[in-house]
Amino acid sequence: MNLVGKPPQLYQAVLSLLDDVYEGRVSADTLIAEIVRLLLIDRNERQQRIEALVATLNTTKDAVPLSSEDIVNLIEKHMSLKGTSCLSVLVVAAAYQSAEEFLGERVLTLQAHNAADIRRVL
């Protein structure tokens, strides 16, 4: 079997692991347990990085809030990252929410049918 994708090394490694299970060099239970363990570690590390970044963004009473330019730069940096497709919906929703008084319109809550990712709806 030949799997094609990017990066190719990932697909070669997956085929090698599946071959190891097939040949009995490793049990399927052990392989899935290790995959889940590594995914949990990765998730926890990402969550810690996010929490650290959020903590640095929290301001105190005496702190000067971010300038408009700083906010735009942060959003641009985040949107350039892989896997941030739902952020664009949230950015537009936040912009509308901030300007709703001036627009003279009421902003509706995001729902599953109009949000990129229901888990991240405001």
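Colleague: Why are E34 and R37 separated by about one helical turn?

Modeller: Because E34 and R37 are three residues apart in helix 2, about one helical turn lies between them. This is a predicted model.

Colleague: What makes the pair E34 and R37 a salt bridge?

Modeller: The closest N and O atoms of E34 and R37 are 2.7 Å apart. The cut-off is 4 Å between a side-chain nitrogen of Lys or Arg and a carboxyl oxygen of Asp or Glu, so the pair E34 and R37 counts as a salt bridge.

Colleague: Why is E34 called partly exposed?

Modeller: The relative accessible area of E34 is 34%. Buried means under 20% and exposed means over 50%, so E34 falls in between and is partly exposed. R37, at 41%, is partly exposed by that rule too.

Colleague: How do you know that D19 forms a salt bridge with R25?

Modeller: In D19 and R25 the closest N and O atoms are 2.9 Å apart. The limit is 4 Å, so the pair D19 and R25 qualifies. In general, side chains of opposite charge can pair when their charged atoms come close.

Colleague: What links D19, D20 and R25 in a network?

Modeller: Salt bridges link D19, D20 and R25. One of them joins D19 to R25, and another joins D20 to R25 at 2.8 Å, N to O. By the 4 Å rule the count comes to four salt bridges.

Colleague: Why is the 2.8 Å approach of D20 and R25 also called a polar contact?

Modeller: A polar contact needs a pair of N or O atoms within 3.5 Å. The side chains of D20 and R25 meet that limit at 2.8 Å, so the term applies to them.

Colleague: Where does D20 lie, and which residues does D20 touch beyond four places away in sequence?

Modeller: D20 lies in helix 1, residues 8–23. Not counting residues up to four places away in sequence, D20 touches R25 and V26. The C-alpha atoms of D20 and L31, 11 residues apart along the chain, are separated by 9.5 Å.

Colleague: Why is R25 called exposed while D19 is called partly exposed?

Modeller: R25 has 53% relative accessibility, and exposed means over 50%, so R25 counts as exposed. D19 has 35%, which lies between 20% and 50%, so D19 is partly exposed.

Colleague: How many helices and strands does the protein have?

Modeller: The protein has four helices and zero strands, and its pattern along the sequence is α-α-α-α.

Colleague: What share of the residues counts as buried?

Modeller: Of the 122 residues, 8% count as buried. The accessible surface comes to about 10700 Å², with 59% of it belonging to carbon and sulfur atoms.

Notes:
Residues are numbered from 1 along each chain as its sequence is written. This is a predicted model: local features need pLDDT of at least 70, side-chain atom pairs count only at pLDDT 80 or more; totals for chains, interfaces and linings use all residues. Side-chain values use heavy atoms; hydrogens and water are left out. Helices (H or I, at least four residues) and strands (E, at least two) are DSSP runs, numbered from the N terminus. Buried means under 20% relative accessible area, exposed over 50%, partly exposed in between (1.4 Å probe, protein chains only). Accessible areas come from the Shrake-Rupley method with a 1.4 Å probe; for residues, only the protein chains shown count as cover. A polar contact is a pair of N or O atoms within 3.5 Å; within protein, one must be able to donate a hydrogen and the other to accept it, and residues adjacent in sequence count only if both atoms are side-chain atoms. Contact means heavy atoms within 4.5 Å.
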